[in-house]
Amino acid sequence: MATQTPKPQEILTTLGHQPPSENWMDTKPEFRPGMYCHPVKIASLEGMGGKYAREWAPAEPDWKLPADWKGIVKEGLKDRLNRFRSFQVFMDICVRCGACADKCHFFIGTGDPKNMPVLRAELIRSVYRGEFKTAGKILGKLAGGRKLTEEVIKEWFYYFFQCTECRRCSVFCPYGIDTAEITIIAREIINLLGLQIDWIGTPVNACYHIGNHLGLKPHTFKENIEYLLSDVEENVGITIEPTFNRKGAEILFVTPSGDVFADPGIFTCMGYLILFEHLGLDYTWSTYASEGGNFGFFTNNETMKRLNYKMYAESKRLGVKWILGGECGHMWRVVHQYMDTMNGPADHLEVPKNPLTGTVFANARSTKMVHVTEFTADCIKHNKLKLDPSRNDHYTVTWHDSCNTSRGMGFLEEPRFVLNSVCNNFVEMPDTTIREQTFCCGSGSGLNAGENMEQRMRGGLPRANAVRYVHEKHGVNLLGNICAIDRASLKPLMDYWVPEVAVAGLSELVANALIMEGENARSTNLRGEEINDLREEAGLPPIDFPDPDEEGGGEEGDE
Amino acid sequence: MSFIFSIIAVTALVGVALAGVALDLRYFMAVVLPYAALATFVLGVAYRVLKWSSAPVPFRIPTTCGQAKGLDWVKTNKIDNPCSTGAVLARMFLEIFLFRSLFRNTRMEYREGGKVRYGSSKWLWLFGLLFHWSFLIVVLRHMRFFFEPVPGLIQAIEHADTFFEMGLPLPGPNGLEVSLPLLAQSGVILLAAATFLFLRRVVVPQVRYISLASDWFPLLLIILIAKTGIIMRYVLKVDVVAVKKLTMSLATFHPALPAEPISFMFYVHIVLVCTLLIYFPFSKLMHLGGVWLSPTRNLVNNSREVRHVNPWNPEVHFHTYSEYEDDFREQMIEAGIPVEKEA
């Protein structure tokens with residue numbers, strides 16, 4: 001039963017933001033194909049020791065909840081109120097001012113009032129009041145309280161898997177109420193009943209047992225990278241031989257497994273490989289810690305810890321000095337705000353020091369993990385990279401700030417510095433849609449499945465709308481980012497809303513501009529596309545590349 | 001329904017106060033109730049704040065709203081992405097006293113042709129700020145009723161609050177203006193701002209949709225408190241000397257009703273204020289305390305630099321490397337990946 005995603009025009013013409021007349025407690029979500037994710041496979045849930053694994057379907061009336069489901073939820077709620085000050089405070093202090101209402105990309109793209117962050121939180125707050133607070137118990141609806149029912153659970157499932165934990169609302173909230181935090185905890189509670197989506201549950205299980213979300217076994221992981229290297233050989237003309245699980249390397253490199261697997265992430269991955277080759281970096285990949293991302297973060301904090309453990313464990317086993325991390329959004333929120341707390345202290349590592357520039361990354365003194373973009377920025381600043389930004393001249397790039405690195409880290413200028421160093425045409429989207437106000441791709445927090453495409457396209461509408469604005473105004477044809485989920489999800493989003501715009505990770509653009517020793521004429525980019533074709537499309541004169549078949553071809557780059 | 005309920009509730013409170021006057025329950029309303037209300041307020045607020053404080057902060061989760069401290073040459077946004085305790089204090093100051101986050105507010109417009117645009121929207125910030133600041137000044141100004149002599153600070157606040165009145169010729173014949181008290185801006189602004197916030201809740205469909213009785217009720221209560229205060233001061237001209245006798249008797253813990261009669265409006269005012277005090281700790285009004293404890297705002301963003309400790313860091317089972325190698329040893333050897341144990 002393939003579901004048809006409505007056409008862009010259908011969405012745009014039917015979209016409205018007026019709430020209905022009936023009270024929100026009296027409305028129910030409609031489980032319409034395209035707007036929700038499939039339930040988790042039994043084997044995946046059980047593989048992680050999850051309880052109540054069963055066959056069930058969100059659109060069916062009976063969700064086969066465990067016998068004592070009400071007790072489980074109440075206990076789970078109480079337990080988390082005691083363990084998370086954030087949750088307790090956020091349950092208590094919202095004044096429903098509504099400043100967050102129109103900040104959510106899902107509200108903007110669906111018009112569903114329960115996608116207003118305030119109301120999303122009220123879905124759980126109402127139960128907190130109705131089940132735990134005296135006034136709510138006695139006055140019920142009048143005090144904003146309601147009882148826990150199966151309908152409530154279904155509503156939670158629908159709306160807490162229609163929030164990407166992007167934190168945009170929390171930027172505008174006068175009390176800093178963070179819906180991401182509420183969604184994280186709500187999902188923990190929903191998970192207690194064996195309710196999980198497959199796009200989260202299956203990658204988690206694969207990551208735990210096999211090493212990465214995609215379930216690439218060690219030899220396959222290595223083969224995938226070798227396959228990318230054969231493309232590099234063809235398009236750049238250089239041979240790279242990276243190492244895997246090598247003891248005694250200075251640096252362990254970890255990136256989301258999506259980067260070794262799917263277009264356009266693979267080009268970002270080629271970018272890393274070329275960059276490290278350019279620098280002669282003493283680093284190794286690991287097939288065991290072959291996942292930078294952490295879908296455990298979308299499950300519960302215990303699972304997040306179990307998956308994250310491998311990075312430090314592997315760095316210890318291999319005896320590296322520090323860890324370098326690839327481009328990824330939620331990976332970096334976990335590395336930045338959770339990793340050291342969960343699995344540290346990493347006393348077996350040294351404070352990261354760039355072997356080429358001598359820069360000590362004091363900001364990563366405790367985690368001992370450095371972002372590849374800050375590493376690249378440091379190298380560029382110290383003139384350690386030979387760059388020819390004009391190789392990206394056929395691109396007019398705009399920059400998508402990823403939610404997690406922006407609002408859960410503050411990583412804004414480093415990528416811009418790198419971008420400005422490797423390409424000549426960079427324009428910003430409007431201020432209200434970038435940096436800390438950036439819009440989510442609409443598919444974060446494990447929602448980039450295939451079956452919920454309408455939900456994703458609607459959620460990504462504000463992002464796409466801003467891209468379309470700069471596309472029309474400045475001829476933008478490339479959307480840059482530093483996030484694996486972005487690379488996977490912005491591509492279909494652009495294809496749907498702004499098909500003229502391609503998507504690329506930052507390291508791909510870096511590698512396009514890198515002048516490599518022994519390179520060929522570089523008449524194609526990392527994607528194997530002819531530079532002159534791209535230049536023609538962009539209205540630029542062709543470059544007179546030496547004929548690759550002629551003797552000596554592949555010696556010198558373009559002048 | 002919640003709206004109507006709130007109107008009924010505040011009307012009933014006024015009715016109760018009037019009935020109290022009629023039944024001569026003045027001592028109860030002016031002595032017993034204020035003590036009880038104050039005790040509830042103080043203990044209630046303390047309880048709530050202590051309860052929040054006793055819950056741990058397992059993770060360091062500031063919402064970063066600007067550039068983090070990183071490479072030396074990258075300019076840091078120290079306030080919106082605090083890198084030190086001092087910076088957090090600055091961020092909290094701006095948040096609590098100037099509503100920094102609300103100042104960012106934008107308004108989404110969905111235009112024809114499916115275009116989404118965002119405009120600046122500072123009204124909520126402006127009236128929210130006016131509301132809270134004028135409320136604070138009103139409260140501080142009222143402290144004159146509980147001190148003799150009145151401390152200089154409170155006098156100064158009152159002086160500043162009536163500043164615009166000075167030098168203005170007061171209207172009215174027969175020297176009426178002589179007895180007219182100076183107009184305190186704070187009371188008028190409080191009423192105006194509260195009315196704005198109330199109307200905003202009525203008019204903006206999304207905000208109306210999310211509003212509960214617990215949103216309408218305190219707003220209506222505060223509006224009525226401001227109104228009764230203004231009526232007392234300017235229309236009925238309540239015997240302030242008698243009121244001060246009463247309040248000083250409360251403040252010195254020798255409670256006694258003054259011999260002089262005090263207008264019924266005073267009793268209505270005091271019943272409403274006491275209701276607000278009692279209601280406060282059990283309501284959303286506790287955002288006053290909670291905003292200080294919000295982990296997305298009051299933490300330094302230095303979790304890569306300094307390890308944050310989670311007191312309940314859970315014991316979990318890990319999938320170790322040796323278990324992994326046991327699962328894949330043969331394939332690893334075949335693929336030329338180094339292993340710990342040969343097959």
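Predicted model: local features only at pLDDT ≥ 70, side-chain atom pairs only at ≥ 80, totals over all residues.
Laid along its principal axes, the C-alpha trace of chain A covers about 85 × 55 × 45 Å. Some 62% of the 559 residues of chain A count as buried. Looking at contacts in chain A with a separation of 6 or more, 76% of them link residues 24 or more positions apart.

Next come the domains. Chain A is assigned domain 1 (8–195), domain 2 (214–381) and domain 3 (389–537). The centres of domain 1 and domain 2 of chain A, taken over C-alpha atoms, sit 34 Å from each other. Where these two meet, 4 residues of domain 1 of chain A are in contact with 4 residues of domain 2 of chain A. The domain 1 side of that meeting is made up of 1 nonpolar, 1 polar and 2 charged residues. Chain B, for its part, is split into domain 1 (2–302) and domain 2 (318–343), and the C-alpha centres of these domains of chain B are 65 Å apart.

Chain A also has an open sheet of 3 strands, in the order S5-S6-S7, with parallel pairing. S5 and strand S7 (502–505) of chain A are the edge strands, each pairing on one side only. From one strand to the next, the twist averages 30 degrees. Zooming in on one pair, S5(A) and S6(A) run parallel and are joined by 3 bridges. A:Trp399 has A:Gly480, in S6(A), as its bridge partner. Helix H22(A) lies across S6 and S7 of chain A, at about 80 degrees to S7(A).

Parts of this sheet turn up again around helix H18 (residues 413–422) of chain A. That helix is mostly covered, with 7 of its 10 residues buried. The buried ones are A:Glu413, A:Glu414, A:Pro415, A:Arg416, A:Val418, A:Leu419 and A:Val422. What covers them? The cover over the buried residues of H18(A) includes strand S5 (397–399) and strand S6 (478–481), along with helix H16 (372–381) and helix H22 (506–513), of chain A.

Now for the place where the two chains meet. Here 84 residues of chain B are in contact with 93 residues of chain A. On the chain B side, the elements giving two or more residues are helices H1 (2–22), H4 (100–103), H9 (205–210), H10, H13 (287–290) and H14 (321–334), together with strands S1 (106–111) and S2 (115–120). Which element gives the most to this side? H14(B) does, with 6 residues. Sorted by class, the residues of the chain B side come to 45 nonpolar, 26 polar and 13 charged.

One residue of chain B gives a closer look at helix H10 (residues 213–235), where B:Arg233 has its place. Is B:Arg233 buried or partly exposed? A residue counts as buried if 20 or more other C-beta atoms lie within 10 Å of its own, and as exposed if 12 or fewer do. B:Arg233 has 18 other C-beta atoms within 10 Å, so it is partly exposed. The C-alpha atom of B:Arg233 is 9.8 Å from that of B:Ala184, a residue 49 residues away along the chain.

Terms used:
Residues numbered from 1 in each chain as written. Chains lettered and ligands numbered in written order. Domains from an automatic or database assignment. Contact = placed C-beta atoms within 7 Å. Nonpolar A, V, L, I, M, F, W, Y, C, P; charged D, E, K, R; others polar. Helix = DSSP H or I, 4+ residues; strand = E, 2+ residues; numbered from the N terminus. Pairing = 2+ DSSP bridges. Axes fitted to C-alpha atoms, helices over the stretch in contact; angles between N-to-C directions.
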